[in-house]
Amino acid sequence: MKVLIPGALRSYTESGETEAAGATLAAVFADLERQYSGIRFRIVDEQDRIRRHIRIFVNGDQVYDLAHPLDARDDVVIVQALSGG
């Protein structure tokens, strides 16, 4: 499936878009990790939860659970929240 990568993580993928496979969001992140070593840690914390500053959208809907089921035709968008003053 198509995965859109935020600018802050493009140092891993060298592109704003990539392909990954998996039946769940967790499996897609594992596939991304296989392709781009170190990227999963920037998205998922040590307790296997999506990091607080990361938002994940599947087909336009925000997803909070790594067990969320996916279809090969789904579009996954990773968004990194901006902060500062």
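Two strands are taken to pair if DSSP finds at least two bridges between them, and helices (H or I, at least four residues) and strands (E, at least two) are DSSP runs numbered from the N terminus. The views below show a predicted model, in which local features need pLDDT of at least 70 and side-chain atom pairs count only at pLDDT 80 or more, while totals for chains, interfaces and linings use all residues. Residues are numbered from 1 along each chain as its sequence is written, and side-chain values use heavy atoms, with hydrogens and water left out.

**View A. Strand 5 pairs with strand 1 in the parallel sense and with strand 3 in the antiparallel sense.** Strand 1 (residues 2-4) and strand 5 (residues 75-80) are joined over three bridges, and Val 3 has Val 76 in strand 5 as its bridge partner. Five bridges link strand 3 (residues 54-58) to strand 5, where Ile 78 is the bridge partner of Ile 56.

**View B. Five strands form an open sheet of mixed pairing, in the order 2-1-5-3-4.** Strand 2 (17-19) and strand 4 (61-63) stand at the edges with a single partner strand each, so one side of each is left without a neighbour in the sheet. Neighbouring strands are turned by 30° against each other on average, direction ignored; axes here are lines fitted to C-alpha atoms, for helices over the stretch in contact, and angles run from 0 to 180 degrees between N-to-C directions. Strand 1 and strand 2 run antiparallel and are joined by three bridges, with Leu 4 opposite Glu 17 in strand 2.

**View C. Helix 2 lies across strand 1, strand 2, strand 3, strand 4 and strand 5.** The helix runs at about 105° to strand 2. In the largest nonpolar core, which has 22 residues, those that touch the most other members are Val 3, Leu 25, Phe 29, Leu 32, Ile 43, Ile 56 and Ile 78; such a core is a set of buried Ala, Val, Leu, Ile, Met, Phe, Trp, Tyr and Cys residues joined through side-chain atoms within 4.5 Å. Helix 2 (25-35), helix 3, strand 3 and strand 5 each supply at least two residues of this core, and the largest share, four residues, comes from helix 2. Contacts of Leu 25 (heavy atoms within 4.5 Å), not counting residues up to four places away in sequence, include Ile 50, Ile 56, Val 63, Leu 66 and Val 76.

**View D. Asp 45 is found in the loop between helix 3 (39-43) and strand 3.** Asp 45 is buried, with a relative accessible area of 14%, where buried means under 20%, exposed over 50% and partly exposed in between (1.4 Å probe, protein chains only). A polar atom of the Asp 45 side chain lies 2.9 Å from the backbone nitrogen of Gln 47.

**View E. Arg 34 and Asp 31 meet through their side chains in a salt bridge (2.6 Å, N to O).** A salt bridge is a side-chain nitrogen of Lys or Arg within 4 Å of a carboxyl oxygen of Asp or Glu, and the structure holds four salt bridges. Both residues lie in helix 2, three residues apart, about one turn of the helix; Arg 34 is exposed at 62% relative accessible area, whereas Asp 31 is buried at 11%.

**View F. Asp 48 forms a salt bridge with Arg 40, the closest N and O atoms being 2.8 Å apart.** Asp 48 is partly exposed, with a relative accessible area of 46%, and Arg 40 is partly exposed, with 24%.

Technical notes. A polar contact is a pair of N or O atoms within 3.5 Å; within protein, one must be able to donate a hydrogen and the other to accept it, and residues adjacent in sequence count only if both atoms are side-chain atoms.
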